[in-house]
Amino acid sequence: MTGAAFGTSGNKLTDDGESSEWGFTGVSFAFPINNSLAVTASYSCGQVTHHFNPQYMLNTVDGVTRLELFKGENENEHLSRSYLQYWVVRFPLMLEWSRRFGGSDAFFAVGPSLEYRFYSRSRYQLNGKKHTLTKQNNINPVGLNLDVRFGYGCMVLYARTALTPLLKTSCAPEWHPFT
């Protein structure tokens, strides 16, 4: 199952519109090749949250991670949120083209990024209270992504897709996140 979170778009198990990522870039380097090309590298860290359909939770039982249907103690209990959350440290290495237009630079960059994932947990919200379901969700600690960035001045659009699965596929569903 690949695409945005678990499976292709339109998958009923995810709530990709609620998923988010925030972070900061601590250090950035540029190594010019010529007037318009450079190799760029940086160090960034942040927190990633992937939301699921509130009827499902990501759980690990006997070492196997899977999405399970929520079964409350009574019929009136419903989850308001269900998500996987983890911290990440990323090292992108990109080939960047830039050119000055008017008073600002336009740029396009593409390249791989290596990331280290840690402190992952599967959580849900029930009756206004957050609960941690499991911290053992078989996450791959190291991942490889393909990053693309396009910008003009201070505006940047970017996309990132995982080339390696987020979870260990021997004991969890295959999942290639896309941002």
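Predicted model: local features only at pLDDT ≥ 70, side-chain atom pairs only at ≥ 80, totals over all residues.
Local features need pLDDT of at least 70, side-chain atom pairs count only at pLDDT 80 or more, and totals for chains, interfaces and linings use all residues. Residues are numbered from 1 along each chain as its sequence is written, and side-chain values use heavy atoms, with hydrogens and water left out.

**Strands**

- Strands are DSSP runs (E, at least two residues), numbered from the N terminus.
- Strand S1 spans residues 20–32 and pairs with S2 in the antiparallel sense, over 12 bridges. To pair, two strands need at least two bridges found by DSSP.
- S1 and S2 form a hairpin, with 4 residues between them.
- Serine 28 has serine 42, in S2, as its bridge partner.
- S2 also pairs with S5, again antiparallel, over 13 bridges. Here valine 48 has tyrosine 86 of S5 as its bridge partner.
- S2 (residues 37–51) is mostly covered, with 11 of its 15 residues buried. Buried means under 20% relative accessible area, found with a 1.4 Å probe on protein chains only.

**Nonpolar cores**

- A nonpolar core is a set of buried Ala, Val, Leu, Ile, Met, Phe, Trp, Tyr and Cys residues joined through side-chain atoms within 4.5 Å.
- The largest one has 12 residues, including Val48, Phe52, Tyr86, Leu166 and Trp175.
- Strand S5 (residues 79–101) gives the most to this core, with 3 residues.
- Another core of 5 residues lies apart from it; Phe70, Leu79, Tyr124 and Leu126 are among them.
- Beyond its neighbours within four places in sequence, leucine 166 is in contact (heavy atoms within 4.5 Å) with residues including Leu84, Tyr86, Ile139 and Trp175.

**Serine 82**

- Serine 82 sits in strand S5.
- Serine 82 counts as buried because its relative accessibility is 0%.
- Its side chain reaches the backbone oxygen of tyrosine 56 at 2.6 Å.
- Leaving aside neighbours within four places in sequence, serine 82 is in contact with His50, Phe52, Tyr56 and Tyr124, among others.

**Largest pocket**

- A pocket is an open set of points on a 1 Å grid over the protein atoms alone, with protein on both sides within 12 Å along at least five of seven lines; lining residues have an atom within 4 Å of a point.
- The largest pocket has a volume of about 460 Å³.
- Its lining counts 24 residues, and Thr25, Ser42, Ser44, Pro92 and Arg149 lie nearest its centre.
- S1 gives the most to that lining, with 7 residues.
- S1, S2, S5, S6 (104–126) and S9 (155–162) each supply at least two lining residues.

Notes:
Buried < 20%, exposed > 50% of the residue type's maximum accessible area, 1.4 Å probe, protein only. Polar contact = N/O pair within 3.5 Å; in protein donor to acceptor, adjacent residues only side chain to side chain. 1 Å grid on protein atoms, 1.4 Å probe; cavity = no way out; pocket = protein on both sides within 12 Å on 5 of 7 lines; lining within 4 Å. Points joined across faces, edges and corners; volume = space filled by probe spheres on them.
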